[in-house]
Every structure is written in C-alpha cells, then in structure tokens.
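Let's take a walk through this model together. Keep the viewer open and follow along.

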Amino acid sequence: MFNLEEELKKLPSNPGVYLMHDKNGTVIYVGKAVVLKNRVKSYFRKNNHTERIAQMVSNIKYFEYIITSSEYEALMLECNLIKKYRPKYNVLLKDDKGYPYIKVTVHEDYPRMSLAHKPIKDGSKYFGPYFSSWVVNTTLDTLKDIFPLRTCNKTKMEVRGARPCLNYHIGLCPAPCAALIDKSDYRETVNMACDFLSGKSENIVKNLREEMMAKAEQLEFEKAAVLREKVKALESVLEKQKITLAKNDDFDVAA
C-alpha cells in the first residue's frame, strides 16, 4: 500500500525525474527537479495550482522517482520518458518532432557523419534520438577530432593527385578523395565511431589511455598530451549520451 505521507518523507534532495501514476498504474505526468524533495512535495502542499495541474494531482495514486547525477541528466531523462509514456498531462515534448539523430552513411565506400532530423530508409545507420540539435552538433564537433571522417558531399573518391581540402591539413579529414587513406583503415575509423555512439565505449577509452601511458613512458609527451585530450573529449561526449541514448544498441534503417 502506497502511503503518501511516508513516501514524501523519503524523497531525497538530489536532482532527478519523477513519474506520477493513476489508479490503473498509467504514467500521467513526468517532471524533472533540481531537488526532488522540494518539487514533488510542492504538488501536495500548494493549493494555487493551475486547473490542469490540480486535475492531475487529484488523479495521482502513487509516484516514483529516478535520481540522476546532474540537472542536465534529469532534463535528458525527462524528455525520453515523456516520449516513451506520452503522459496525459504533459503538454510539451510528446512527439519526436525536433529530436535529431546522428546519421552515419555506412552504405557509402567512405561514410560521413551528420545531423539528421529523422531516420529514413536510405541504408544509413542512425543513433539517437538526442535532446536537441545543439547536443548533436557538439557531439559531432568532438567526435571529428577523435575519429576524423569526411564531411563533404563529394561523389568522386580516390582521385590520386587531387588537392585535399582544409580539413585534411588541420587533421579533421584523412582525405579519401585524394586517395590518402586506405579504404580498410577508413572503415576501421567508421566502425570505432559507430561502436562509440552505440555505447560500446569502454574499450575505446581504455585503449586510448593505454596508448597515452605508452607514449608518456617513451617520453613522447606531445603525443601523450594529444591522446589525453581525446580521452577527455570522449568522456565529455559520454556524459551527454548517458541519458540521451535510451538503448545500448544501434538504430539501423536498411534500404
């Protein structure tokens, strides 16, 4: 039996997400909080609610909550749960419009990574959905430093003697258009990027750390510093993905 007063006393002071259920166990509202204790209690202590919220509170049979490590994670999780349950009293964020994906054109000889607003049957691999375009663009900007892949729309690849673009000279593209990288080596980078985006990140970070330590022991400090920054960048992306990706597997759309 759910005892409201007792459960309210147990609420923590952490950030997190709360789910309100009706008598049938259906999720009727999902919300986020910087301090769960204060936010959830406010529903049952205040009388100046809007008509919608007052009606929602009258239908609450019990609630549950999920603690997160930051307000940012709470925001991500709230969005995913709203999309999952489509709660009756959540008026915003109930559809997938505006939730972008990361698209990897794995069907191409030299795949590209880019933002996509929705998955389509084009033979590409999609990861997401993400909370916003900002999260996708930030992730892509970080990943291209670690997994350099082409971003252009060129159709002709492996043209020997071709002049590579600026991205090649600043280390953001291996210039497959000018045949400066072997197709198998390029595909290995693509596979690593896909593994990372699908949640298989532990080995990648571990290998980079081991390589960093090896370079340091060999007194190659500049190379070790570059690897250190890559590890930091990957850990930053992992923080953004921890809640955004609802599953640890790929989202494949095959034509």
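**A walk through the fold**

V190 is buried, with a relative accessible area of 0%; buried here means under 20% relative accessible area, exposed means over 50%, and partly exposed is in between (1.4 Å probe, protein chains only). This is a predicted model, where local features need pLDDT of at least 70 and side-chain atom pairs count only at pLDDT 80 or more, while totals for chains, interfaces and linings use all residues. Residues are numbered from 1 along each chain as its sequence is written, and side-chain values use heavy atoms, with hydrogens and water left out.

Back to V190, which sits in helix 7. Helices (H or I, at least four residues) and strands (E, at least two) are DSSP runs numbered from the N terminus. Not counting residues up to four places away in sequence, V190 touches V104, P111 and L149, where contact means heavy atoms within 4.5 Å.

Now zoom out. The protein has 9 helices and 7 strands, and 42% of its 255 residues count as buried. Among contacts between residues at least 6 apart in sequence, 61% join residues at least 24 apart. The accessible surface comes to about 14,700 Å², with 50% of that belonging to carbon and sulfur atoms; these areas come from the Shrake-Rupley method with a 1.4 Å probe, and for residues only the protein chains shown count as cover.

Helix 7 has another residue to look at, K183. K183 is partly exposed, with a relative accessible area of 35%. Leaving out residues up to four places away in sequence, K183 touches D109, Y110 and E158.

Step back into the loop between helix 6 (166-169) and helix 7, where you'll find P174. P174 is buried, at 14% relative accessible area. Beyond residues up to four places away in sequence, P174 touches P148, L149, Y168, L180, I181 and Y186. For a distance to check, the C-alpha atoms of P174 and R150, 24 residues apart along the chain, are separated by 7.2 Å.

A179 is in that loop between helix 6 and helix 7 too. Why look at its backbone? Most residues other than glycine have a negative phi. A179 is not a glycine, yet has a positive phi of about 60°. A179 is buried, with a relative accessible area of 18%. L219, in the loop between helix 8 and helix 9, also has a positive phi, near 65°, and is a residue other than glycine. Is L219 buried or exposed? L219 is exposed, with a relative accessible area of 61%.

Next, the second largest pocket, which has a volume of about 220 Å³. On a 1 Å grid over the protein atoms alone, a cavity is a set of points where a 1.4 Å probe fits but cannot get out, while a pocket is an open set with protein on both sides within 12 Å along at least five of seven lines; lining residues have an atom within 4 Å of a point. Grid points are joined across faces, edges and corners, and the volume is the space filled by probe spheres set on the points. Helix 7 (183-197), helix 8 (202-217) and helix 9 (221-244) each supply at least two lining residues, and helix 8 gives the most, with 4. The lining includes I146, F147, M192, L208 and K230. By class it has 7 nonpolar, 2 polar and 2 charged residues; Ala, Val, Leu, Ile, Met, Phe, Trp, Tyr, Cys and Pro count as nonpolar, Asp, Glu, Lys and Arg as charged, and the others, Gly among them, as polar.

Strand 1 (residues 16-21) and strand 2 pair in the antiparallel sense over 6 bridges; two strands pair if DSSP finds at least two bridges between them. L19 stands opposite V30 in strand 2. The two strands form a hairpin with 5 residues between them, and G25 in the turn has a positive phi of about 85°. In strand 2 (residues 27-33), 6 of the 7 residues are buried, so strand 2 is largely enclosed by the rest of the structure.

Y18 is found in strand 1 and counts as buried at 1% relative accessibility. Leaving aside neighbours within four places in sequence, Y18 is in contact with residues including Y29, V30, A33, Y43 and E64. The C-alpha atoms of Y18 and A33, 15 residues apart along the chain, are separated by 7.9 Å.
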